[in-house]
Amino acid sequence: MQLYKYLIHHNISQSEFADKIGVSQPTLSRYVNGDTLPSVVIGARIETATSGEVSCGDWENLLKDIRQAINSNQLPPQGSEIEVSERIEDVANG
């Protein structure tokens, strides 16, 4: 499962989750958007904090999963706290 889906499914804010794994909210936002990948240490923290629902292996499929979400209209509405806007626009525009 991708992190953005986990946060939506569990109704957890980026700020709350960022505090839980020891990073800033802007850093977590970059992970959620696919702008950057977490280090192995942070990836392990995410996997632990999500009880394995978001595994380290899920990151390699992030862009593919974002494309699928765009095509199936499964993304959060614009303006929602868990937004993947800029990265998704880049992916959608090719």
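Student: How many helices and strands does the protein chain have?
Tutor: This is a predicted model, in which local features need pLDDT of at least 70 and side-chain atom pairs count only at pLDDT 80 or more, while totals for chains, interfaces and linings use all residues. Residues are numbered from 1 along each chain as its sequence is written, and side-chain values use heavy atoms, with hydrogens and water left out. Helices (H or I, at least four residues) and strands (E, at least two) are DSSP runs, numbered from the N terminus. From that terminus on, the elements run α-α-α-α-α-α, and the count is six helices and zero strands.

Student: What percentage of the residues in the protein chain is buried?
Tutor: Buried means under 20% relative accessible area, exposed means over 50%, and partly exposed lies in between (1.4 Å probe, protein chains only). Of the 94 residues in the protein chain, the buried share is 40%.

Student: At what angle do the axes of helix 2 and helix 4 cross?
Tutor: Two packed helices are described by the angle between their axes and the distance between the axes. Axes are lines fitted to C-alpha atoms, for helices over the stretch in contact, and angles run from 0 to 180 degrees between N-to-C directions. Helix 2 (residues 14-21) and helix 4 (residues 40-49) have axes that come within 9 Å, and the crossing angle is roughly 115°. Angles under 35 degrees count as roughly parallel, over 145 as roughly antiparallel, 65 to 115 as roughly perpendicular and the rest as oblique, so helix 2 is, relative to helix 4, roughly perpendicular.

Student: How many nonpolar, polar and charged residues are in the contact of helix 2 with helix 4?
Tutor: Ala, Val, Leu, Ile, Met, Phe, Trp, Tyr, Cys and Pro count as nonpolar, Asp, Glu, Lys and Arg as charged, and the others, Gly among them, as polar. On that scheme, the contact of helix 2 with helix 4 has five nonpolar, no polar and two charged residues.

Student: Which side chain makes a polar contact with that of glutamine 14?
Tutor: Glutamine 14 is found in helix 2 and is buried, because its relative accessible area is 2%. A polar contact is a pair of N or O atoms within 3.5 Å; within protein, one must be able to donate a hydrogen and the other to accept it, and residues adjacent in sequence count only if both atoms are side-chain atoms. Here the C-alpha atoms are 6.0 Å apart for a sequence separation of eleven residues. The side chains are joined at 2.6 Å, and the partner is glutamine 25.

Student: Is asparagine 11 buried or exposed?
Tutor: Asparagine 11 lies in the loop between helix 1 (3-9) and helix 2. Its phi is positive, about 50°, although it is not a glycine. Most residues other than glycine have a negative phi. With a relative accessible area of 70%, asparagine 11 is exposed.

Student: What is the relative accessible area of serine 51?
Tutor: Serine 51 sits in the loop between helix 4 and helix 5. Its phi is near 55°, a positive value in a residue other than glycine. Serine 51 is exposed, with a relative accessible area of 68%.
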